[in-house]
Amino acid sequence: ARVTQTETEPILRNGSEIQPQRINWLWEKKIPLGKITLFAGNPDNGKSLAVTSVAAMCSRGDKFPECFFQQAPADVLMLLGEDDLEDTAVPRLMAAGADMKRIHFLEAVRPVKAEDREVRLDLDIPPIERQLELNPNIRLLVIDPISNYLGEVSMIAEQEVRSILIPLKRMAEKYGIAVVLVMHLNKKADLDAISRVGGAMAFIGVARCSWLFSRNVQEETDSGDGVTPQEKKSDTFSMLRIKNNLVSSDRAGIAYHVK
């Protein structure tokens, strides 16, 4: 009995009692449900535009690129720390064709007997979880960028970062939602892609899928070729695999352009 317990006891599960489960996807082979996914890249390399497009497709129930099945329309909860809603985030979502009634922005929290303040993930995962309970239609949580919402947690402190990511991971599992964290790269260009993701390695470690977003370099057109503005190619980008523990490495990324 617990009343007679005198020391810490291990809690075990026998392997024969655990039933294997199929992985569910928001975007097949790209963004799993019930887990954390990273979108990483330098500024102006398309990662926020990409997550805007993902949110719009989720809200409409569109078929994602390279997918053979279509999801039902679902709600999206967004924490946007850098883009103004009125003149940037909302116009981008509208341009992407989002169902704006399904897009919800978490701008602040209201503590008991205190003034409204900015969201801090070291304190505010419980109220986010309550919002998921209130709206079971939410299927995607976007935090862009994660660095804006760490509160007193240091971006480079391994255990401190895990103290936020593990509760986020458990929340994703409990409610079956996809959590997409947007991150910047560090300035160490000579490192491999995994080491370029800014902050503690816990971000890469806890996330099941991580994607690098980069702008494709276009060759300059020689002067005198008579290329008109209408013939100029639109910006092209690549979404490249950094890490994906859930699927094989084939078809590891996609190219896309911004209209």
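Student: Which residue in β7 is the bridge partner of Ile143?
Tutor: In this model, which is a predicted one, Ile143 has Leu181 of β7 as its bridge partner.

Student: And how many bridges join β6 to β7?
Tutor: Four bridges join them, with β6 covering residues 138–144 and β7 covering residues 178–183, and the two strands run parallel.

Student: What is the order of the strands in the open sheet?
Tutor: The sheet has eight strands, and reading across it gives β5-β4-β6-β7-β3-β8-β9-β10, with pairing that is mixed. At the edges stand β5 (103–105) and β10 (254–257), and because each has a single partner strand, one side of each is left without a neighbour in the sheet. From one strand to the next, the twist averages 20°.

Student: Which strands does helix α1 touch?
Tutor: Helix α1, made of residues 47–60, packs on the sheet and touches β3 (36–41), β4 (75–80), β5, β6, β7, β8 (209–215) and β10, while its direction makes about 165° with that of β6.

Student: Changing topic, how many helices and strands are there in the protein?
Tutor: The protein has six helices and ten strands, and eight strands make up the open sheet we went through.

Student: How much of the protein counts as buried, then?
Tutor: Out of 259 residues, 39% count as buried, and the protein exposes about 15,500 Å², of which carbon and sulfur atoms supply 49%.

Student: What share of the contacts comes from residues 24 or more positions apart?
Tutor: Taking the contacts with a separation of 6 or more, residues 24 or more positions apart account for 68% of them.

Note on methods:
Residues are numbered from 1 along each chain as its sequence is written. This is a predicted model: local features need pLDDT of at least 70, side-chain atom pairs count only at pLDDT 80 or more; totals for chains, interfaces and linings use all residues. Side-chain values use heavy atoms; hydrogens and water are left out. Buried means under 20% relative accessible area, exposed over 50%, partly exposed in between (1.4 Å probe, protein chains only). Contact means heavy atoms within 4.5 Å. Accessible areas come from the Shrake-Rupley method with a 1.4 Å probe; for residues, only the protein chains shown count as cover. Two strands pair if DSSP finds at least two bridges between them. Axes are lines fitted to C-alpha atoms, for helices over the stretch in contact, and angles run from 0 to 180 degrees between N-to-C directions.
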